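Please look through the sequence and the model shown below before reading on.

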Amino acid sequence: MEALWGNFRLWDSLFTLDSTASFLRFFPDRGILPEFRLRAQAETRGYKVFLEARGEFLRENGRVKVRLEPHFTSEPPLSEPEIYALLTLGTPDVTRLAETLPQVALGAALENLVLGQLERELARSLGLDRFQVQLPLLQGGDLEETRFSVGKYLSPELFLGYQLDLRGEQTLSAQYRRDGLTFSLGSTFLPGDGRLARFTFTLGYDLTPALGLSFSLEAADTTRFGVGALYRW
């Protein structure tokens with residue numbers, strides 16, 4: 001059993017988890033699909049909103065889904081439909097609230113929360129700066145599209161990354177940043193014979209803290225060049 005901590009955003013409200021009452025529970029017969037319990041609270045529009053939820057990840061018809069049983073309360077007291085309206089519309093008026101919206105949006109937020117928690121804990125235990133699991137299956141994709149990414153900073157300027165999907169496709173990447181200059185390299189190899197399928201190179205430079213320019217090259221079946229500009233505000 002693993003305790004959950006942190007926060008997640010549900011519509012425009014930021015919920016903070018109670019780590020003493022929020023956890024994941026894994027069972028040998030369920031593999032990597034956990035059950036979970038959450039307790040969290042948020043403040044919005046002058047109300048304190050409390051969430052208690054029980055749920056599980058399960059596989060149905062070849063896809064992973066979330067089965068969720070949320071329960072909302074508030075101070076001052078509102079009915080649950082009024083709380084849904086408060087979170088989604090900013091007012092307790094329930095007349096415009098679609099009945100299925102809260103379950104769909106809450107399920108998506110909790111999927112991201114649980115996956116993010118697992119990624120952070122695994123990265124910490126493995127001594128990595130990045131450990132990421134991408135599960136297109138949760139959005140209706142195929143299981144073989146699942147991708148695992150790991151990465152580590154060898155120095156403050158140099159980052160190395162590696163990505164593998166369940167089909168066996170592998171990508172190696174490196175990025176070096178210093179004094180506003182960025183070099184990025186990436187190579188993707190096909191499963192089976194390990195042939196190089198794609199090579200990418202990007203050179204970027206920050207002209208000012210708000211404006212950056214980049215030049216990119218991608219070599220696969222065809223060769224592509226690109227020039228880009230990024231403005232930050």
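Which residue in β15 is the bridge partner of glycine 212? The bridge partner of glycine 212 is leucine 230. This is a predicted model, in which local features need pLDDT of at least 70 and side-chain atom pairs count only at pLDDT 80 or more, while totals for chains, interfaces and linings use all residues. Residues are numbered from 1 along each chain as its sequence is written, and side-chain values use heavy atoms, with hydrogens and water left out.

**The sheet**

- Strand β14 (residues 211-219) runs antiparallel to β15 and is joined to β15 by 9 bridges, where two strands count as paired if DSSP finds at least two bridges between them.

**Two residues of β12**

- Threonine 182 lies in strand β12 (residues 181-189), and threonine 182 is buried (under 20% relative accessible area, with a 1.4 Å probe and protein chains only), at a relative accessible area of 11%.
- The side chain of threonine 182 makes a polar contact with the side chain of arginine 177 at 3.0 Å; such a contact is a pair of N or O atoms within 3.5 Å, and within protein one must be able to donate a hydrogen and the other to accept it, while residues adjacent in sequence count only if both atoms are side-chain atoms.
- Serine 187 also has its place in strand β12, and serine 187 is buried, with a relative accessible area of 17%.

Definitions and conventions: Helix = DSSP H or I, 4+ residues; strand = E, 2+ residues; numbered from the N terminus. Buried < 20%, exposed > 50% of the residue type's maximum accessible area, 1.4 Å probe, protein only.
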